[in-house]
Amino acid sequence: MFFCRITSRSSTMQGPPPATAPGMPYGSPQQVPGAYQVVTGFEENNKYELKNALGQRVYFAAEDTDCLTRNCCGPSRPFTMRITDNLGREVIRLHRPLRCSACCCPCCLQELEVQAPPGTIVGYVVQNWHVCLPKFTIQDEKRKDILKINGPCVVCRCCEDIHFEVMSLDETCPVGRISKQWTGMVREMFTDTDNFGISFPMDLDVKMKAVMIGACFLIDFMFFEHSGN
C-alpha cells in the first residue's frame with residue numbers, strides 16, 4: 001500500500017527548486033515513491049510540489065487560469081494543471097471544465113480529465129449525484145468505471161482528519177483513502193496551508209494512480225479552497 005502526503009502553502013514560493021530526485025516515469029510502477037507532498041498556493045495560480053517520503057521533489061505542478069476566471073468562478077473555476085518532472089518536462093496534464101457541484105443540478109456535475117503524457121487521456125474523475133455525500137467515480141480512458149470515492153457528509157471538522165474512502169466498484173471493499181489531515185488550529189485558521197494523504201494499493205494500475213492524484217486535486221478545489229478566496 002502506497003501513501004501520499006499532500007501539503008498546501010502560499011503561492012509566494014519561488015519557482016521549482018533544482019532537481020534533487022529522479023522523475024516518476026509512468027511506465028515503471030515500481031519507481032513510484034511511497035509518499036508525495038504537494039505544496040499549493042492561493043493568491044495567484046495555485047502551485048504545487050510533489051515530494052517523496054524522503055522530502056525529495058518528484059513533480060512540480062502549476063495551475064493555468066486567467067485572473068478573471070479565478071476571481072469570478074472561485075473554487076468552481078475551470079483550470080488546466082500542468083505537472084512537470086525535475087527536468088521541466090510536462091508529464092501529466094489535468095483539465096477541469098466549468099461545471100456545477102450543487103446537488104440540485106445533477107446533469108452538470110464536476111469532472112476532471114487526466115492526461116499522461118499530455119495529449120493521451122488515461123482516465124477521469126467524475127462526481128456522482130448524491131443529496132448530501134461527496135461521491136466520485138474513477139474511470140479509465142474509455143469511460144469505464146474502475147473505483148469509487150465516498151466522502152463524509154460534513155467536510156469541515158475540527159481537530160480530526162477528513163477521509164474520502166476509495167472503494168471497489170461495488171463499494172464493498174476499501175481500496176485506499178484520500179485524507180484532509182488536521183494541521184492544528186492556528187495553521188488551519190490563519191494560513192492557506194492544507195495537508196492531504198493518499199493511500200492506494202501497490203499493484204494498482206499506474207494510470208489509475210495518476211487519476212487518484214488528480215482526484216486529490218479536484219477534492220482540494222471543491223471542498224478546501226474556500227479560505228483562499
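**View 1. Strands β4 and β5 pair in the antiparallel sense over six bridges.** The model is predicted: local features need pLDDT of at least 70, side-chain atom pairs count only at pLDDT 80 or more, and totals for chains, interfaces and linings use all residues. Residues are numbered from 1 along each chain as its sequence is written, and side-chain values use heavy atoms, with hydrogens and water left out. Strands (E, at least two residues) and helices (H or I, at least four) are DSSP runs, numbered from the N terminus. Two strands pair if DSSP finds at least two bridges between them. β5 covers residues 90-96. Thr-84 has Glu-90 as its bridge partner in β5. Five residues separate the strands of this hairpin. Among them is Gly-88, with a positive phi near 85°.

**View 2. Strand β4 also pairs with β3.** β3 spans residues 57-64 and runs antiparallel to β4, with five bridges between the two. Ala-62 has Arg-82 as its bridge partner in β4. How much of β4 is covered? Most of this strand, residues 79-84, is: five of its six residues are buried. Buried means under 20% relative accessible area, exposed over 50%, and partly exposed in between (1.4 Å probe, protein chains only).

**View 3. Phe-164 and Phe-224 form an edge-to-face aromatic pair.** The structure holds six aromatic pairs. Rings of Phe, Tyr and Trp (its six-membered ring) pair if their centres lie within 6.5 Å; planes under 30 degrees apart count as stacked, over 60 as edge-to-face and the rest as tilted. For Phe-164 and Phe-224, the centres are 6.4 Å apart and the planes stand at 85°. Phe-164 lies in strand β10 (residues 162-167) and Phe-224 in the segment after α3 (206-223), so the pair ties together parts that are 60 residues apart in sequence. Phe-164 is buried at 0% relative accessibility. Phe-224 is buried too, with a relative accessible area of 10%. Phe-224 also pairs edge-to-face with Phe-223: 6.4 Å centre to centre, 65° between the planes. Both Phe-223 and Phe-224 are buried. One aromatic cluster takes in Phe-136, Phe-164, Phe-223 and Phe-224.

**View 4. Arg-143 lies over the face of Tyr-124.** The distance from the ring centre is 3.6 Å. A charge sits over a ring if NZ of Lys or CZ of Arg is within 6 Å of the ring centre and within 35 degrees of the ring normal.

**View 5. Met-81 and Ile-178 have the most contacts inside the largest nonpolar core.** This core has 43 residues. Its largest share, 13 residues, comes from α3. A nonpolar core is a set of buried Ala, Val, Leu, Ile, Met, Phe, Trp, Tyr and Cys residues joined through side-chain atoms within 4.5 Å. Leaving aside neighbours within four places in sequence, Ile-178 is in contact (heavy atoms within 4.5 Å) with residues including Ile-149, Phe-164, Met-212 and Ile-219.

**View 6. Ser-179 makes a side-chain polar contact with His-163.** The two side chains come to 2.7 Å. A polar contact is a pair of N or O atoms within 3.5 Å; within protein, one must be able to donate a hydrogen and the other to accept it, and residues adjacent in sequence count only if both atoms are side-chain atoms. Ser-179 lies in strand β11 (residues 174-181). Is Ser-179 buried or exposed? Ser-179 counts as buried, at 7% relative accessibility.
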